[in-house]
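Please read them with the structure open.

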Amino acid sequence: MFKNKLKILIISILLTLFSCSTKTFDSSEALLAYLKEPGNEYIYAKTVNGVDFSLLYRPTDILVNQEITGNPTRELIDSLRNKYKEYLYFTLSMSKNNRELLSNVASDKQQFGAMVNELAFGMEEKVHLYTPKKDTIVMADYIYPRMYGMSKVTTMLFVYPREKKVTNTKFMTFTIEDLGLYTGEVKFKIPTKIINNEPKLKF
C-alpha cells in the first residue's frame, strides 16, 4: 500500500514538472501557431458593440527572432534575449465590420482626424496594465503602424517593463478605454504563468 502511494506521488510530481517545463519550438511559425491556440492562454478575444478585440502576448524569443539573420552566434542570441526580456510585449488588434477602425469613420473627417490623433499619440491614456492590487505598470512604448486601409484590423504593439510586482502575482489586467466606439472599458484578465514560463525558440 505504501509503495503504491509512493509511486502515485512520484508520478504526480513528475507530471507537474513536465507540465511546467518550458516549451521550445523549431520555428517562429510553430511558436505563433501555439500562441494563437486559445487554450494555451496567450491570446484573448472579445466582441463589444460590434468591435472585435484580440490581445496576444508575444514572448521574448519572437522579438529576438525578428533581429536574427543567417546563423547567429550563441553570444548574439543571449545578448538579444537579455535585451528583450526586460519588457512585456502585447499585440492588440481591433476591427469593426471586418475593417480597421479608421475605415469605419472615413466619411466623418472630424471623427477620422480625432481617431488618427488618438491612435498615434494618445494610447498611453487609453490602454493600461494593472496588478490585482491596482498598481499601474507604466507603459514603456507603443507602436501604431498606419495601414491606410490595406488591412482588415488595426494592430498595435504595447510594451511594458517586466516588473516583479507583475510577475510575482497570479494575474494582471489589460484594459482599453472606450475609443469613441461605444464599447465602454474592455478588460482582459491574463495569468502571469504564461510570462514566467513562456515558450522559446531553438536558434
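Predicted model: local features only at pLDDT ≥ 70, side-chain atom pairs only at ≥ 80, totals over all residues.

The points below go from the whole chain to single residues.

1. The chain has seven helices and 11 strands. It runs to 203 residues, of which 38% count as buried.

2. Contacts and surface. Take the contacts between residues at least 6 apart in sequence: 65% of them join residues at least 24 apart. The accessible surface of the chain is about 12100 Å². Carbon and sulfur atoms account for 55% of that surface.

3. The α3/α4 pair. How do helix α3 and helix α4 pack? Helix α3 covers residues 60–67, and helix α4 covers residues 74–84. Their axes lie 9 Å apart, at an angle of about 130 degrees. The angle therefore makes α3 oblique to α4. The crossing of α3 past α4 is right-handed.

4. What makes that contact. From α3 come Thr60, Asp61, Leu63, Val64 and Glu67. From α4 come Leu80, Arg81, Lys83 and Tyr84. By type, the residues of this contact are four nonpolar, one polar and four charged. Look at the charged side chains here when you check the model.

5. The buried part of α3. Which residues of α3 are buried? They are Thr60, Asp61, Ile62, Leu63 and Val64. These buried residues pack against α4, and also against α2 (28–35), β3 (51–58), β4 and β11 (200–201).

6. Thr91. This residue sits in strand β4, which spans residues 87–96. Is Thr91 buried or exposed? Its relative accessible area is 12%, under the 20% cut-off, so Thr91 is buried.

7. Lys126. Where is Lys126? It is in the loop between α5 (109–121) and β5 (127–130). Lys126 has a relative accessibility of 17%, which is under 20%, and so counts as buried. Setting aside neighbours within four places in sequence, Lys126 is in contact with Glu118, Thr175, Ile176, Glu177, Asp178 and Leu179.

8. Phe171. Strand β9 (residues 171–176) holds Phe171. With a relative accessible area of 24%, Phe171 is partly exposed. Lys193 is 22 residues away from Phe171 along the chain, yet the C-alpha atoms of the two are separated by 7.9 Å.

9. Backbone check. Glu41 has a positive phi of about 70 degrees although it is not a glycine. At 28% relative accessibility, Glu41 is partly exposed. Asn98 also has a positive phi, of about 60 degrees, and is not a glycine either. Asn98 is found in the loop between β4 and α5.

Conventions. Residues numbered from 1 in each chain as written. Heavy atoms only, no water. Helix = DSSP H or I, 4+ residues; strand = E, 2+ residues; numbered from the N terminus. Buried < 20%, exposed > 50% of the residue type's maximum accessible area, 1.4 Å probe, protein only. Contact = heavy atoms within 4.5 Å. Areas by Shrake-Rupley, 256 points an atom, 1.4 Å probe, with all protein chains shown as cover. Axes fitted to C-alpha atoms, helices over the stretch in contact; angles between N-to-C directions. Parallel < 35°, antiparallel > 145°, perpendicular 65-115°, else oblique. Left-handed = near helix turned anticlockwise from the far one by under 90°. Nonpolar A, V, L, I, M, F, W, Y, C, P; charged D, E, K, R; others polar.
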